[in-house]
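Welcome, and thanks for taking a look at this one. Please have the sequence and the structure open side by side as you read.

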Amino acid sequence: MKLEDFDFDLPEGLIATRPARPRTAAKLLLAEGDRIRDLHVADLVDLFRPGDRLVLNNTKVIPARLSGTRTRLTGQGEVTAKVEITLLEPQASGEWTALAKPLRKLKEGETIRFSDALSAEVRAIEAAQLRLAFNLTGPDFDAALAEAGAMPLPPYIAALRAPDEADKTDYQTVFARHSGAVAAPTASLHFTKPLLEAIHAKGVDFTEVTLHVGAGTFLPVKVEDVETHKMHSEWGEVTAAAAEEINATRAAGGRVIPVGTTALRLIESAAAEDGTMRPFRGTTEIFIYPGYRFRVTDALMTNFHLPKSTLLMLVSALMGQDRIRAIYDHAVKSGYRFFSYGDASLLIPERRKSA
């Protein structure tokens, strides 16, 4: 498989820079077998069946973009430089890995001040990344970060506008619980509490899992031979209770439907060859592309993805490459809004691709 096999033309005007309001007003493309229907997210109540189980990623996006200054004493006196920091992930030591712009303005041992309350020492500079040690930990750090930080909008949105206060709500799911992501599980952004209650009242169950989405989700595929691409690593957890719930649904003949590619990647990482779900806690680098045999996923709710992206390869694995080309061609022609704040799709393959 070549990278060009996953390319398509996308007009810039279809890149969503704000979500639909209300969230449930977003368009929903239902692709079931060889049929396509144009609906809205609010119609999900009529599409799920009693006995289905939706798998939700309850990660919480942190306001990982920080604007700070570092001050350096030179022969001409104190010199201050502005630095933009994007947090990547916490380390076992309590330090954080981060990106800096411009990196050349920083040296090991220097302090970056982000607010009166929050600062960090540059502990190491490794390749294109930093290791930072903040002056606060725990709830104090969370509070100071919430005050000083901005939501880490995806590059394709950040190129069109700056983040603002609205993003602190818009770029967070209504069931976000565990802080650690630097990108949202965007298919889940379409849900409101009333919609979840209406779906549950129909007999659909929910299972929550956690995958802390990393900045690597936006990294482009640079190799021409898709199968040689190395996937980024992300931390996730499927509890024993979550695994039992999914196994019970499969045993009863219900469908397991992850909401978003992050939830899908995690449950596929945790599933045994025969589809039995097991507890999982650790990192996953699973790369799903055409030819992959799905172990537990019966359908997928997801947004529309970038050309040449690993996520486009994932949905191509689920539905088939020719089918996804047709679906995306329809979405472009019909004016669906793409990417993180865009519209949604519910992809139901003709049959479960189980091992």
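Here is a short tour of a few strands, a surface patch and a lysine. Keep in mind that this is a predicted model.

**Paired strands**
- Strand 6, covering residues 77-90, runs antiparallel to strand 7, covering residues 96-101, and six bridges join them.
- To find your way along this pair, look for Ile-85, which has Ala-100 of strand 7 opposite it.
- Five residues separate the two strands of this hairpin, and Gly-94 adopts a positive phi near 95 degrees there.
- Strand 7 also pairs with strand 10 (residues 129-134), again in the antiparallel sense, this time over three bridges.

**A negative patch on the surface**
- Four residues, Glu-4, Asp-7, Asp-9 and Glu-224, come together on the surface as a patch of negative charge.
- Glu-224 belongs to the loop that links strand 12 (205-211) and strand 13 (234-238).
- Because its relative accessibility is 41%, Glu-224 is classed as partly exposed, a label that applies between 20% and 50%.

**Lys-168 and its surroundings**
- You will find Lys-168 in helix 4, which spans residues 167-170.
- Lys-168 has a relative accessible area of 27%, so this residue is partly exposed.
- Between Lys-168 and Ala-150 there are 7.5 Å in space, from C-alpha to C-alpha, while in sequence they are 18 residues apart.

Notes
Residues are numbered from 1 along each chain as its sequence is written. This is a predicted model: local features need pLDDT of at least 70, side-chain atom pairs count only at pLDDT 80 or more; totals for chains, interfaces and linings use all residues. Side-chain values use heavy atoms; hydrogens and water are left out. Patches are made of residues with over 30% relative accessible area and no salt bridge: like charges are joined within 9 Å, nonpolar side chains (Val, Leu, Ile, Met, Phe, Trp, Tyr) within 5 Å. Accessible areas come from the Shrake-Rupley method with a 1.4 Å probe; for residues, only the protein chains shown count as cover. A salt bridge is a side-chain nitrogen of Lys or Arg within 4 Å of a carboxyl oxygen of Asp or Glu. Lys and Arg count as positive and Asp and Glu as negative; His and the chain ends are not counted. The place of a charge is taken as NZ of Lys, CZ of Arg, CG of Asp or CD of Glu. Helices (H or I, at least four residues) and strands (E, at least two) are DSSP runs, numbered from the N terminus. Buried means under 20% relative accessible area, exposed over 50%, partly exposed in between (1.4 Å probe, protein chains only). Two strands pair if DSSP finds at least two bridges between them.
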